[in-house]
Amino acid sequence: MAVAAPSSTLSRTTSPPPPPFPLLLSLSSSSSSGARRRRLRSSPSPSSPPSSSSSWASSRRIRCSLDRQTLFSRIAPIYDNLNDVLTLGQHRIWKRMAVSWSDAKMGDRVLDLCCGSGDLTFLLSQKVGTDGEVIALDFSRVPLSIASTRQEQYWKACYKNIKWVEGDALDLPFMDCYFDAITVGYGLRNLVDKPKAMQEIFRVLKPGSRASILDFNKSSSTFISSFQNWAIDNAVVPLASRYGLAEEYEYLKGSIAEFLTGKELENLAKHAGFSEAKHYEIAGGLMGNLVATRDKQVHCAPKKKKQKNKTKTKTKSRELFIYLFISLYSEALHRSRLRIEKASDREKRFRRRRRRRRFSAMSSPAPAPAPGALEWKLSQVLGEPLPGEKLEDGDTISAMEFDCRGNYLAVGDYRGRIILFEGTERDHLGSRNELESRDYPATARPIYTYKTEFQSHELEFDYLNSLEIGEKINKLRWCAQPNSSLFILSTNDRTIKLWKASENKLKKDKEAKPSLCIPSENALLAEKSFLVGEAERVTRNGYYLEWRNKKPRNTSPTSEEGPEKVVDIGDTTTAKCRRIYSHAHDYNINSISNNSDGETFISADDLRINLWNLEISNQCFNIIDMKPFDMEDLVEVITSAEFHPSYCNLLAYSSSRGFIRLVDLRQSAVCDQNVRILRDRENKKSGTFFSEIISSISDIKFPKDGRYILSRDYMNLKMWDLHMESSPIATFNVHEYLRSKLLELYSADSVFDKFGCCISKDGRRFASGSYSNNFRVFSRDGGPDDGITLQASRNPNRTPHINSLPKAAGLLTSFARGLSRRGHDIPSPDNNEEIPCDLKSKLTHLAWHPTTNLIVCAAKSSLYMYYA
Ligand SMILES: C/C(=C\Cc1cc(O)c2ccccc2c1O)CCC[C@H](C)CCC[C@H](C)CCCC(C)C
Ligand SMILES: C[S@@+](CC[C@H](N)C(=O)[O-])C[C@H]1O[C@@H](n2cnc3c(N)ncnc32)[C@H](O)[C@@H]1O
């Protein structure tokens, strides 16, 4: 069966514009919707006989291709790391052997079948060099996207010769006799129709070429199979269960039992037409590699050969080796502090997890159908430097926020400026030619244009404390818009300001006439309210007397209010500073958040949270104070705070220990009682030096429904259910591949980088940034677009600067950093150690449009917008 040559099919066949991310998914997916897959997964096959063994049961449940696709998507994020830990790195040697047996040479065109995240692919790529070509095929998108991300992060020129193809091993989209070599690593055993797969491998292989197939060895020795089962039960599954993937790894045992022995594999290959087939046992017989060679002569029909049977006799020496091996392995696992729980505990935990999953599914507000997969495309790039233009640090974007309708986007930078962009329906923009020249289809997504820019904060000096206060904008928050006025709060380390931006219809002299006001039902944000005097404040809310006066006595309120300070910012728009909320924080302000009541907001620094009334700038109410009597006793700092989106009495704040506390303002004036403390008990268990640092939460966000909280720590995004305190309902690894590089990241200060996160309108998808200008989009419901990686770049395939280990300014306060380091002696990293990503290019700021699927991310001074 001849199919079109792949060269044309390897680039996208579905839609004309290339994707902004590097994944080359060529073939229409054999998958159907996530919902269908979940249905298939959750209902065991009616034909399955009941079985007492869970591995058999899971292997039987995971029967068809769709189930397996889900399985491999689920395990993909931890697959590589787990293999490294479980085999103590040995699997890399086995993979090298497999590639070497394939006989791939410089300049060859080779196929890595069931490539997963690409371990064998990258080895093949080095073998065939830049003149060669590697095609890596897999039917699951998640491992493919991990693979293509790895490709980008590695720097070897030859890796450019790899093409990632989404396709089915049982129906290969390649011509007959197309490849010089084929490798399959842990793939064949997972295919539902092994004879068909072997025939396909034979068909696309050139005469005289080899297939090298690495997998678990289904040994005829009961000793070896017992060890395999022991290792799976006692190391593999317990470890996988820590990631909620016990069932997926239990499948391994059954799949080995149902696999073919070495002899059977040799026969299978010969039936498919291979002239030679030899199975080699490796790793003491735990693994095996089949090497099948196609005869130089082209055979139209598979050759049938007499079977040779007689398996090798087991020898005493091999058993001895295995005994040795077991003890070595157990010790090694023990040393790497893998806590292997007792089977009973494991079982209990697994059941609990399942109950939790059911609970969260049942108690979700509305059983909305799983959304279809989103395909992200580059929409717009703003602020890219011109060729040759030198970027200054001050131009780097430090804060970003859409207004509640998505009509405006505010961006703050290190120089204290705020830039406003206005969104317009794309169709209203530009000439026809201009629209036609764009490489994206017409949609009604908004296109943003520069509206105005103004200086919000300036460098100051705090003489009292001999401290320079930088002008960098830490956070921006739009206020409710009762009329067409645009109010925005901005903060640097110490001072919050309220700005009003308006079209420049008013003449300058009007600024001196505050009586010209816009009446509004919401007096607080109406013009009048901002311009009236202090008198009205006393009675506006009953708590006036409780408000703490933070202003130094010698400061006159009028000079501070600065309501008439006008910054001329261009022809059409003016920004006026309406309030200055200062002198309330002794540490750096990390968050501001508006209350849904439209009247109040909070500001948080490392140790305190203050509640403000928008209208009153000279007082605030300190609602949380974590400062211990003796600073030596300090164990935790506040990292982020956010009001609940609809309950004005509730707010959440996160800490450097990875806790999220929910407090109720109605309970007491000082919120020292928590309504909830959300903490991931799993964090505690992995008590390494770094676990404390990386569990610090850098950002929290409520989805609109307010039922959940999304948090970002250094490695993960976590989705929490407010009703479940002991663990998040889901954890999404953002850059798990960096876990083994924490020491180097620590030395580069990068481990203190604070990544933000953002949520879609429906709360089902969320995104967060990483290094090399990558960001990842996850879906609460799984599905093919879950965990997709995009790169904020016009040219996502450019070679990253690998060896750049900048002394990145950790954004956690130096105070907190000192605290984390105290008492630990960290050896300096090996200079040759490479971190597989560009640490200088980090995407810490992302925002999701409030009404449509449009994500904006800030890469240095540029904005990259993606829509789906
Ligand atoms: C290579 C391993 C797993 C690959 C793998 C393959 C699959 O088909 C899967 C399907 C579904 C889920 C997961 C997988 C999957 O992970 C790891 C295998 C670990 C072995 C069971 C244990 C091996 C012990 C080592 C040989 C010990 C080496 C150390 C010694 C001290 C020298
Ligand atoms: C255990 S992983 C092996 C990954 C990689 N080769 C390695 O050695 O690490 C098996 C891979 O086979 C893929 N796979 C399973 N069935 C497939 C099929 N019918 N067609 C293509 N890929 C398939 C899975 O998606 C998964 O990525």
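**Charges, rings and a sheet**

Modeller: This is a predicted model. Arg679 lies over the face of Phe659, at 4.9 Å from the ring centre.

Colleague: Which arginine lies over the face of Tyr867?

Modeller: That is Arg445, at 4.1 Å from the ring centre.

Colleague: And Arg579, buried or exposed?

Modeller: Arg579 is buried, because its relative accessible area is 2% and the cut-off for buried is under 20%. Arg579 belongs to strand β20, residues 573-581.

Colleague: What does the side chain of Arg579 reach?

Modeller: The backbone oxygen of Glu615, at 3.0 Å.

Colleague: Back to rings. How many aromatic pairs are there in the whole structure?

Modeller: The search finds 25. In one of them, Phe421 and Tyr450 have ring centres 6.3 Å apart and planes at 80°, so the pair is edge-to-face.

Colleague: Where do Phe421 and Tyr450 lie?

Modeller: Phe421 is in strand β11 (417-425) and Tyr450 in strand β12 (446-455), so the pair ties together parts 29 residues apart in sequence. Phe421 is buried at 9% relative accessible area, while Tyr450 is partly exposed at 48%.

Colleague: New topic. What is the order of the strands in the open sheet with β25?

Modeller: β25-β26-β27-β28, with antiparallel pairing. β25 (638-643) and β28 (676-678) are at the edges with a single partner strand each, so one side of each has no neighbour in the sheet. From one strand to the next, the twist averages 20°.

Colleague: How many bridges join β26 to β27?

Modeller: Five, between residues 650-655 and residues 660-664. Tyr653 has Arg661 in β27 as its bridge partner.

Conventions:
Residues are numbered from 1 along each chain as its sequence is written. Chains are lettered from A and ligands numbered from 1 in the order in which they are written. This is a predicted model: local features need pLDDT of at least 70, side-chain atom pairs count only at pLDDT 80 or more; totals for chains, interfaces and linings use all residues. Side-chain values use heavy atoms; hydrogens and water are left out. Two strands pair if DSSP finds at least two bridges between them. Helices (H or I, at least four residues) and strands (E, at least two) are DSSP runs, numbered from the N terminus. Axes are lines fitted to C-alpha atoms, for helices over the stretch in contact, and angles run from 0 to 180 degrees between N-to-C directions. Buried means under 20% relative accessible area, exposed over 50%, partly exposed in between (1.4 Å probe, protein chains only). A polar contact is a pair of N or O atoms within 3.5 Å; within protein, one must be able to donate a hydrogen and the other to accept it, and residues adjacent in sequence count only if both atoms are side-chain atoms. Rings of Phe, Tyr and Trp (its six-membered ring) pair if their centres lie within 6.5 Å; planes under 30 degrees apart count as stacked, over 60 as edge-to-face and the rest as tilted. A charge sits over a ring if NZ of Lys or CZ of Arg is within 6 Å of the ring centre and within 35 degrees of the ring normal.
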